[in-house]
Amino acid sequence: MAEKKYITVDGNEAAAYVAYRCSEVIAIYPITPSSNMGEYADEWASKGIKNLWGTVPTVYEMQSEGGAAGAVHGSLQAGALTTTFTASQGLLLKIPNMYKIAGELTPAVFNISARTIATHALSIFGDHSDINAARQTGFAMLAAGSVQEVMDMETIAWASTLRSRIPFLHFFDGFRTSHEVQKIEVLADEIIKEMINDDLVSEHRKRALNPEHPVLRGTAQNPDVFFQNRETINTFYNACPKIVQEEMDKFAKLTGRQYKLFEYVGAPDAEYVIVIMASGADATHATVEYLTKNFGEKVGVLKVHLYRPFSIEHFLNELPKSVKAIAVLDRTKEPGATGEPLYLDVVDAIFKSVQNGTSKFDKVPYVVGGRYGLSSKEFTPAMIKGVFDNLKLPRPKSNFVIGIKDDILNSSLDYDAKFNIESEKVVRALFWGLGSDGTVGANKNSIKIIGENTDNYCQGYFVYDSKKSGSITISHLRFGPEILRTPYQVTHANFVACHQTVFLEKYDVVKNLVEGGVFLLNTPVPVNEVWNSLPKSQQKQIIERKIKVYAIDAQTVAEKSGMGRRINTVMQTCFFAISGVLPKEQAIAEIKKSIIKTYGKKGDKIVQMNLDAVDSTLANLFEVPVPSNVTASWETLPPMAPNTPEFVAKVEGAILGLYGDDLPTSVFPVDGTWPTATTQYEKRNIALTIPVWDEQLCIQCGKCTLVCPHASIRIKSYSPEFLVNVPETFKHVPTRDIEYKGEEYTIQIAPEDCTGCGVCVEACPVVDKKNPSHKALDMQPQPPLRAKENENWEFFLNVPDKDRKQIKITNIRQQQIQRPLFEFSGACAGCGETPYVKLVSQLFGDRTLVANATGCSSIYGGNLPTTPWAVDKNGRGPAWNNSLFEDNAEFGLGMRLAVDKQTEIAKDLLNRLQYQIGVDLVNEILDATQNNEEEIDAQRDRVVKLKEKLKGVSSLDAKRMIDLADYLVKKSVWIIGGDGWAYDIGYGGLDHVLASGKNVNILVLDTEVYSNTGGQMSKSSPIGSISKFAAGGKQTRKKDLGLMAMSYGNVYVASVAVGSNDAQTLKAFVEAEAYDGPSIIIAYSHCIAHGIDMSNPLKNQKALVDSGLWILYRYNPTLAAAEKNPFVLDSKAPKIPVAQYMDMEIRFKMLSKINPTAYKELYKKAQDVTEERYKYFSYLAARENF
Amino acid sequence: MNLKTEYLGLKIQSPFILSASPIDENINNLKRLEELGIGAVVLHSLFEEQLVDEQFELDYHLTHGTESFAEATSYFPNYDEYKLGPEEYLEHIHKVKNNIKVPVIASLNGSTIGGWTKYAKNMQEAGADALELNIYNIPADFNLTASDIEDAYLKILQEVKSIVNIPVAVKLSPYFTNFANMVKRFDEVGADGFVLFNRFYQPDININTYEVEPKIELSNSAISRIELRWIAILKNKIKANLAATGGIITGQDAFKMILAGANATQIFASIARNGLDYLTIMMREFVQIMEEKGFNNVADVVGIACQKNIPNPSAFERAQYMKALTSYKLHF
């Protein structure tokens, strides 16, 4: 046995580690939570790390998971050892190929970080709905329950697939295992090599397609032979379980870790047994050990590793004969089935043994099935005990749920949430941080320090926010002398750190601290005032549970060390200083070593800055005396604004306050329907500074509101008569627009909804001629402005919106008065996408249906708790849905077809009912043009009249007419998504929809990279840009989607960049919607993934267009119909070299720090491509004779 | 005609040296200049401050927005190393040395003593034949005295000299209360040469946006007077060599500088404006004037008209400046 070596990794890395070593070709596509596996593989390949046979695997990113599966199939057929990584919808897309790969008995391993499949809602979190959807494909399925098991099972899967010829799907729980960091024993290459039989590799190659000895696969067979041929594989499946067990035994000899297909843990004479797989099995393992050891309970757990082929023989062998009742727990839901899949397998196995007369049981056990842990719902020892308690009942509940409260059918099991099996030997720490303060990174680092310098086992799990700006992170860390079988969050912490004072206002941060625990607070308050700064209920808990309190002004220490807002190193030092995990001196020395190791590659200045921070920390860390009485008079604030509608307050408010787990089933909509316009109640207060308007200086151009990503700066022009009971600081001046003469004008900030990005200030063109540091908008600290501006905001909201008929939508200063119906989303501060989305909502929101591709825009558009799509005063607003990632164009087209069909039926009914309705009204409705707000409004009035008339008519036609009358008002269908969708995974559908001739509007939010999944290359990524899967800089030019769309001739195409030319952007949106046919707008969207200053992103957009790398144009087929050139080039000739723009963004510039030669070459190519492309577009613009 | 001469103890094939500029970034340019007769090349400056800024910039962007959202815990690939130090510059020295035979002088602008010495050593190790210390900053600190600054400058040279054994020239601006004294002190510390003068990029204000914009203008012959004066004053009074830079546009300009006492002249604006091959014209003009004056050897010309040698030495000193201005006015 080789010497043991330990590393701290997450489950994804553990899987990729072995998969990479066993593969020659790796075909990938990003999807949460599996993306990291592909990224690791790509990273290792780019560093030249070799596989077991000394070659660097080829890692290839495809356009979709379906594409990746196809490439895997091809690679396998051509003889290479091949793997892939995916989850959820990605796995669904691979299924067709999986049937083929299994049907052809091809050894392969697919790695799945199991994730929820979208149903009534999408969820990025973990359960087994995806892998269960693939269980019929013929793949063997192997489950791992912990990070160590992931590495081990991956090896066993490779060994077994080569021997059995059955492809393997190796799965582990998404996020819970894929993202959990654990200290594990790493497998040496020799061990993995020992497990892989080279003769079997050779056989795999010999079966490959090879023109030297050709064969043919993929025949089409007919009723005469298909069936028989299909039955030939059975012997392979029958042989598979034994092979896997033999490989597990071999693995045990090499490593000392013995696995079984079904692994029993517990009392040998257990009466109550849980059957379960993956991380839940690990938690049950620990709970069973606790119950048997401490209470002598006759309980056990059967951990399922080989789920398919399901070996009844092995399963029954492992169960104790004493078992009286079995609970089978499935982490999936199969509506309409008699039970979930694993439950049915168990019932079937036991029934067969009884039927065959081979049953070993003293008495046929009572088997119940239950569901747990959907979408990473916590699964704790308390719940596990609840399941055992149920089994002990005379008639245990079946088809139950555990971990939630089902008050509709009362299917949930009760359990004592206080039940806890945490060992006192384990340090359990919770850290509340902000994404931007570096808390998670520091904690990952602490785990490495402790893992590498002590014999302790370590575990880290990180809970992130659903928002991309001002996001909270909660880190759950454990350190202990024994293997940590604790795949659930820390609820009994002996150390809690609150890295941001503002959390005290919103959350009960000390809730999870045990008696005598330690509470560390980062606060700017002097140490003698810290106690009084804590809210009442938290003071009470601290006194009652004798909690020790420490405080540090980490912000000041960090700033003095040059680290700005990143307090990570300071807080990490505090943790080591007071938690006692390591002796203080040793801990400090290790932190310093680790700083040099971690930051060394970023340069000596960065290292020094962090070292300085460590040195300054201890002198600024104080223990806070805890008095015996509560002294605070204030309490944590409610999570939502007052006057919130009941449902929103009850449900969304609970989610916001982090009590979502406590909500019972009955409060939820049954079909995924959710109210819009609820972000307004959230009041996030995340801005440090907000814009302040100088009404005298302002020229009322509207540019600030146009670029605001969160609709938190608004304009109104209104009659002075509304200026009654005006708040003291509410600002207004006469409207400058001559058409609104006599009106008053206000630009108002929503102080608690603004993220403080500052893009409005960048857009403001007015500099005070007497004071160049002052503009018509300046950023100023939010706290002193908050109360007054809130009052102003409330007043502003009550000032009526301007009549849309009076607004010229082609004029920005007027158009921006339109009320945004997309507000306060969870997008990044400074987001480049949302201004476009908001623009659609302003221009057409009251009659728009939105089909939204999965990605950033579906997350900030629809991620709970609150919804940013909003309504106007009439209750109208965009109706929105997200179907999938790959089908969005088709989804939107379907909406159009439905709208058109219903409009057609409504028109038909109008004709049929013309005498009941009145011929004049019918003709007016049918003949109405709806080309502008005035005409649309008039049609709405007619429809109101129509409904009025129909009230007196009782025919079936009249009822149908009432149902469909709204379709007589023009509807706008918007298909929105990012470049990952439009250029890659959804391109086939997008192309088909463009070719359809139907009136849909496609908005491509082009960030030139997969933003939502963390910056992977798309076909939109520009030449020379660095992204994941293009670590050496993208070698090829960006796909010209606009040019491809133009080739149809009847598609409206526009390329826009609002930061460069806002008037052109507005023109394009208006024209696209007006065009009665397919339109596509490709909208340049700066992104956090570009490595830019997100408070000044517009200058990048200007430089981008000035360099010619992005060309502004519009192609309008209606011009061609009028015999004019349909192509209008809106960009001037490039005036700066592309290098000047590219060096403004880290995504390009970083290449100079990685590979200076490639940097120069690719910059040159980028320049050449840009010049060539501009020449071509100039040619298109110059054409005559249409 | 023998154009060969010596500068910083290096043998150079002509007194024309490429000044620190972006021209050297393309090695083909250097090869061409070598063919045309360039005496030596000074590489563009390595700025320590820029290296540090780039570290901060990269660190900010590699961490900004990370570990905040479950689906995107990072936005860029992970690399084992970044070329954030002088590696690229050092590789460049190495490459230049492998491609041309004329002496290669590396140019350095440090911001800390540690930076000056570390990078100077690196440059020597990378094969530079000499160093040019580009001591460049705008002292705007109201509490800093002239002697503080001067002492700091001397310390830089002292430290660099203590750590390298190749010749070290100092490129200076003329903005010292007593420039002659400053040069003397540098000379005593062991400067091998002085490059006169460093021209700073000067700010301009955009009258529409009120934004400050750096202006870069190529030099012309007229601006070379100041270095002409100082070269003439310094020649034969110090041990170190002298090189003129700024405003050497024609062969005549170069000839004048050598007459004043320069061992070499550094050129940039002329070839930036007219192309690399313009060096041929400058050299032709230079040779022509040498021939006209009856010289066969550049070394014979150096310092003929320096202050020490001319009959009216005060012509080069400040008092004469007023006179010159007065006579200039008389033309109107």
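Predicted model: local features only at pLDDT ≥ 70, side-chain atom pairs only at ≥ 80, totals over all residues.
Helix 7 itself runs over residues 225-234 of chain B, and eight of its 10 residues are buried, so it's mostly covered. If you want to click through them, the buried ones are Glu227(B), Leu228(B), Arg229(B), Trp230(B), Ile231(B), Ala232(B), Ile233(B) and Leu234(B). After helix 7 of chain B comes Asn236(B), with a positive phi near 70°.

Now hop over to chain A and find helix 20, residues 568-579. Its 12 residues span 16 Å from first C-alpha to last, close to the 16 Å expected at 1.5 Å a residue. Helix 20 of chain A is largely enclosed by the rest of the structure, because 10 of its 12 residues are buried. Among them are Asn568(A), Thr569(A), Val570(A), Met571(A), Gln572(A) and Thr573(A), and the buried set also includes Cys574(A), Phe575(A), Phe576(A) and Ser579(A). Following helix 20 of chain A you'll find Gly580(A), where phi is positive, near 75°.

That leaves the place where the two chains touch. Chain B puts 30 residues into the contact and chain A puts in 38. On the chain B side, helix 2 (residues 48-63) gives the most, with seven residues. Sort the residues on that side of chain B by type and you get 13 nonpolar, 10 polar and seven charged.

Technical notes:
Residues numbered from 1 in each chain as written. Chains lettered and ligands numbered in written order. Helix = DSSP H or I, 4+ residues; strand = E, 2+ residues; numbered from the N terminus. Expected span 1.5 Å × (residues − 1). Buried ≥ 20, exposed ≤ 12 C-beta atoms within 10 Å, placed from the backbone. Contact = placed C-beta atoms within 7 Å. Nonpolar A, V, L, I, M, F, W, Y, C, P; charged D, E, K, R; others polar.
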